Amino acid sequence: MRKIYCFILFIGLQFIPLIASATILTGKVTDVKGEALPFANVFIEKTTKGTTTNKDGIYTIDLQPGEYDISYKMLGYKKQTLHIVISNEKLIKNITLAEEIYTFNEVVINADGEDPAYTIIRKAIKKRKFYREQVDEYSCDVYIKGVQRVTDYPKKFLGQEVDMEGDIDTTTGIVYLSESVSQFNFKQNDNIKEVMISSKVSGDNKAFSYNRASDMLFNFYDNLIEVGGLSERGFVSPISNNALFFYKFKLIGSFYENGEWVNKIEVLPKRKNDPVFRGYIYIVDNSWRIHSTDLFLTKDAQIDFVDTLYINQTFLPVDKDVWLVFQNKFMFHFSVLGFKGNGMYVGVNANYNIKPNFPKKFFTGEEMKVTDDANKKDTAYWKDARPVPLTKEEEDDYRKRDSMERIRNSKPYLDSIDKISNKLTFGKIFLNGYQYYQRYKKRSTFFSPLIQAVQFNTVQGLTISQDFSITKELEKNRFRKIFVKGMYGSSNKHFNAEAGFTFNYRQQKFERIEIKGGLETAQFNNRNPIQPLINTYYTLFDKKNYMKLYERWYGEINHRIEIVNGLMLYTSAVYADRMPLKNTTDFTFVKKAREYSSNNPVVPNNDSVFSFNRSQSFELSASIRIRFKQKYYTRPFQKIITGSKYPQLSFDYKIALPKVLGADVSYQFGKFSVSDEVKLKLFGTSRYYVSAGMFFSTDSMQFMDYYHFNGNQTMLSTFDLRNFNLLPYYKYSTNQSFVEAHYEHSFGGFIFNKIPLLRKLKLNEVVGVHYISSNTLPQYAELFVGIEKLRVMRIDFVTAFQKNEKVSAGVRFGLKIGSFQ
């Protein structure tokens with residue numbers, strides 16, 4: 001079920017918070033027909049202290065005794081302001097808003113018949129940069145409420161049965177309801193610091209909300225609006241510098257508010273499938289600032305996972321000639337992989353301070369912090385702090401889930417859930433592996449699937465293996481894991497067994513220690529360039545035994561820690577007794593004229609010669625990963641990295657020490673690498689990885705100690721950026737110096753979007769290059785172009801060149817599951 005929740009929350013985009021108070025002034029906002037007006041703005045005139053009506057049109061606002069001018073405002077309706085006297089008694093004020101009447105006041109029609117909206121938009125574009133930079137810094141309080149619903153879901157997902165009964169309200173479809181209150185701080189040049197001081201998640205009093213004010217920080221004064229998870233390219237603002245190239249505009253009319261005319265302008269895409277918004281933008285006359293937005297994105301804009309996303313914003317004055325966002329409202333509908341549903345996030349910003357005078361070093365890499373007691377606020381607190389009243393269905397959801405929480409955490413209930421989850425199915429046994437849950441004990445046991453238990457290679461023959469692990473969840477987000485692996489080769493008659501222990505003990509510092517050892521059969525390239533299942537297919541059905549193996553007794557200890565933010569240290573010590581292996585079988589399902597290659601990667605045509613002499617090694621290694629000005633946010637006992645505008649630098653060093661525990665291997669190796677992901681706005685995203693390495697000494701080495709490039713000689717690929725797609729696995733391994741570079745650019749539909757027959761397929765274009773220069777392979781490059789679907793399924797067409805001469809070409813396809821970080 002965790003996979004399903006993560007999937008739903010990913011679609012949700014997680015949005016944002018404000019502080020309000022107890023119910024002193026309350027009421028209902030309706031139209032002239034008596035219909036409720038949801039998400040109307042209610043605020044003290046000339047301030048940003050206020051609230052928003054809920055789905056039922058109900059509002060509440062806490063006010064101290066005194067006199068106030070209270071304004072009621074909603075797009076499409078006339079603003080209404082009432083003078084109200086507040087005493088110590090609760091005051092009920094029901095308000096009726098009349099529909100806005102749009103006029104064409106003092107509109108000048110151009111001689112060429114151009115719609116007057118274009119003149120307004122041009123003036124707004126000229127003022128765009130001014131308003132974007134008008135406020136250098138500010139702080140405010142933010143309240144967010146998020147509701148997500150699942151209206152339909154498949155019976156199975158990723159091969160597992162989906163049972164969401166009890167997790168979804170069968171009446172409302174609510175699967176997630178959360179509120180949060182934060183203090184939000186902003187300074188130009190993307191400096192953000194947010195502190196979540198309270199959090200409430202329906203049905204889980206121990207959970208912390210994933211709402212973030214920065215997720216709703218969509219600024220239409222920017223040229224490009226980036227919506228995380230929906231597109232690699234971003235979307236063009238209706239008042240961007242090049243908006244006239246992407247949009248058509250139509251003046252719907254104007255209305256008079258607070259002594260100013262406000263123009264309602266419809267925005268339409270010039271080309272149906274451009275990355276643009278539809279809907280309405282409201283521009284104030286003479287000042288040419290944004291008054292409000294009522295915009296949306298559809299699948300025509302090439303968005304992924306979500307069918308439609310609505311973005312509504314309302315601006316209010318916070319100072320003389322300074323307007324900032326008062327309310328954000330996001331609504332979305334999704335239908336993907338059998339899951340259907342919708343969601344809504346409302347954020348209310350209040351108590352702006354545009355001269356906070358932040359101290360030096362106020363803004364660090366920590367963009368958000370969830371306080372330890374954020375989830376410990378009681379009902380009385382939320383009654384006062386919640387500016388947007390709960391609807392009846394939301395109240396019912398809190399009541400039902402909270403009352404069920406004690407039951408759901410009880411041993412009988414958790415045991416009943418385990419009984420369902422632990423049922424054996426074909427998918428679990430053969431494809432995904434079987435997980436045996438003991439939720440009350442916070443423990444789970446995993447058995448690997450049969451698809452990886454039965455394999456074949458020419459060294460071991462038919463292998464039978466089983467991986468077994470027990471994971472125990474501990475307090476403070478810690479866990480420990482014990483694992484055992486066993487394998488028997490039917491042809492070489494060897495039984496291999498390994499065991500190990502992993503302890504993640506301080507997640508705030510990513511601290512982890514792992515101890516393992518045993519007898520294993522390993523690939524010469526310890527990055528495992530070919531998977532056993534793929535090797536099995538190619539061996540049995542094409543008589544190509546690509547996997548090359550040796551055997552080793554080993555003991556290993558690994559440790560990881562983040563020393564300071566952005567500086568990660570990995571250390572390792574390994575002792576190994578390495579033994580050569582030969583082919584022991586020539587079995588195959590097909591008749592091919594060729595013979596199997598030997599298990600000697602250096603001499604593949606001679607199986608009578610061992611690839612190396614038995615040797616012992618004792619290796620120490622250290623790796624440093626540096627990310628300058630790394631951004632992150634912290635939750636209790638957890639740190640989540642969000643990125644950096646600078647590349648990642650890596651320094652790796654390994655030394656093999658002779659005469660330690662009888663070791664006879666001696667060498668030193670170092671490597672430097674740099675990698676990053678660079679967004680190029682409408683042109684997509686580039687990724688690169690460049691490394692240079694050398695062996696400082698090579699006194700005594702065996703072939704597995706060489707540096708091996710990640711080759712691929714099969715049709716299948718995981719499209720890890722650091723992998724070559726036509727390079728032999730071991731032909732060009734080196735124990736000298738080398739340079740390796742990889743580059744890939746994803747256009748995000750920039751090209752295919754312009755081709756009518758292809759744009760409906762929502763395909764992504766990929767181009768790139770892989771490069772090597774070494775003593776074994778000078779000036780080698782692979783150029784590729786690819787097609788990608790949903791950023792997962794992919795096919796590449798690859799051509800290899802050596803010294804500007806074409807040497808090979810091929811096609812690679814598969815699932816993009818690789819990473820370069």
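Glu511 lies in strand β30, which spans residues 511–523; strands (E, at least two residues) are DSSP runs numbered from the N terminus. The structure is a predicted model, in which local features need pLDDT of at least 70, side-chain atom pairs count only at pLDDT 80 or more, and totals for chains, interfaces and linings use all residues. Residues are numbered from 1 along each chain as its sequence is written, and side-chain values use heavy atoms, with hydrogens and water left out.

Glu511 is buried, at 6% relative accessibility (buried means under 20% relative accessible area, with a 1.4 Å probe and protein chains only). The side chain of Glu511 makes polar contacts with the side chains of Tyr505, at 3.1 Å, and Arg506, at 2.4 Å. A polar contact is a pair of N or O atoms within 3.5 Å; within protein, one must be able to donate a hydrogen and the other to accept it, and residues adjacent in sequence count only if both atoms are side-chain atoms. Residues touched by Glu511, not counting those up to four places away in sequence, include Phe503, His559 and Ile561 (contact means heavy atoms within 4.5 Å).

Rings of Phe, Tyr and Trp (its six-membered ring) pair if their centres lie within 6.5 Å; planes under 30 degrees apart count as stacked, over 60 as edge-to-face and the rest as tilted. The count comes to 53 aromatic pairs. Tyr537 and Tyr538 form an edge-to-face pair, 5.4 Å centre to centre with 85 degrees between the planes. Tyr538 is buried, with a relative accessible area of 10%.

Key: Buried means under 20% relative accessible area, exposed over 50%, partly exposed in between (1.4 Å probe, protein chains only). Helices (H or I, at least four residues) and strands (E, at least two) are DSSP runs, numbered from the N terminus.
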